[in-house]
Amino acid sequence: EMINKAPVTVKANNKNKTYGTGDPEFDATVTGTLNGDTVSYGFSREEGTDAGEYTITPSGAAEQGNYAVTYETGTLTIEKATVIVKADDKSKVYGADEPEYTDTVTGLVGDDTVQYTFNREDGENVGTYKITPAGDAEQGNYDVVYQIGTLTITKAELIVKADNKIS
């Protein structure tokens, strides 16, 4: 009399990671084995490094000992990385030319770049003015956060010189 092999399912667990980081360790949920038995399997995943969803595929022999094994895929979700664009604080003397605006950018991977411009709060009098970097909040593999800097306009030094008078 023929005994049918017991059905076992190996379902790849869904995983997440952030763009630019290594893949997490893949694992699976195995159902149907008895008495502490195990089945053997490995994983592959759909190629790609950009933010998005990729299929995780478990695989192995269809028949292992007393078991008929089926495999179900899971999903690797690559989340966008966060980039911070911080306008550097600047200063100038009243009446002087505008300084060149610079920034500190953190969170980019490799040679990646994000696009943005600077806007400065209007005003030329002594005081402080906001320097605001601006651009799209989502750019490719990134969520971009913009942080304001400050332009400080300081008083100009006024030199008063008395003329020499001869009486």
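Biologist: Leaving aside neighbours within four places in sequence, which residues is glutamine 139 in contact with?
Modeller: This is a predicted model. Glutamine 139 lies in strand β14, residues 138–139. Neighbours within four places in sequence are left aside, and the contacts of glutamine 139 are then Val114, Gln115, Val144 and Tyr146.

Biologist: Is glutamine 139 buried or exposed?
Modeller: The relative accessible area of glutamine 139 is 14%. Buried means under 20%, so glutamine 139 is buried.

Biologist: With which side chain does the side chain of glutamine 139 make a polar contact?
Modeller: Tyr146 is among the residues in contact with glutamine 139. The polar contact, at 3.2 Å, joins the side chain of glutamine 139 to that of tyrosine 146.

Biologist: Which residues touch the most other members of the largest nonpolar core?
Modeller: This core has 13 residues. Valine 114 touches Val83, Val85, Leu108, Gln139, Tyr142 and Val144, not counting residues up to four places away in sequence. The members that touch the most others are Leu76, Val114 and Tyr142.

Biologist: Which residue in β5 is the bridge partner of arginine 45?
Modeller: Strand β4 (residues 42–45) runs antiparallel to β5, and four bridges join them. The two form a hairpin with six residues between them, and glycine 48 in the turn has a positive phi of about 145°. The partner of arginine 45 in β5 is isoleucine 56.

Biologist: Which residue in β8 does glutamate 53 stand opposite?
Modeller: β5 and β8 pair in the antiparallel sense over five bridges. In β8, the residue opposite glutamate 53 is threonine 77.

Conventions:
Residues numbered from 1 in each chain as written. Predicted model: local features only at pLDDT ≥ 70, side-chain atom pairs only at ≥ 80, totals over all residues. Heavy atoms only, no water. Core = buried A, V, L, I, M, F, W, Y, C linked by side-chain atoms within 4.5 Å. Buried < 20%, exposed > 50% of the residue type's maximum accessible area, 1.4 Å probe, protein only. Contact = heavy atoms within 4.5 Å. Polar contact = N/O pair within 3.5 Å; in protein donor to acceptor, adjacent residues only side chain to side chain. Pairing = 2+ DSSP bridges.
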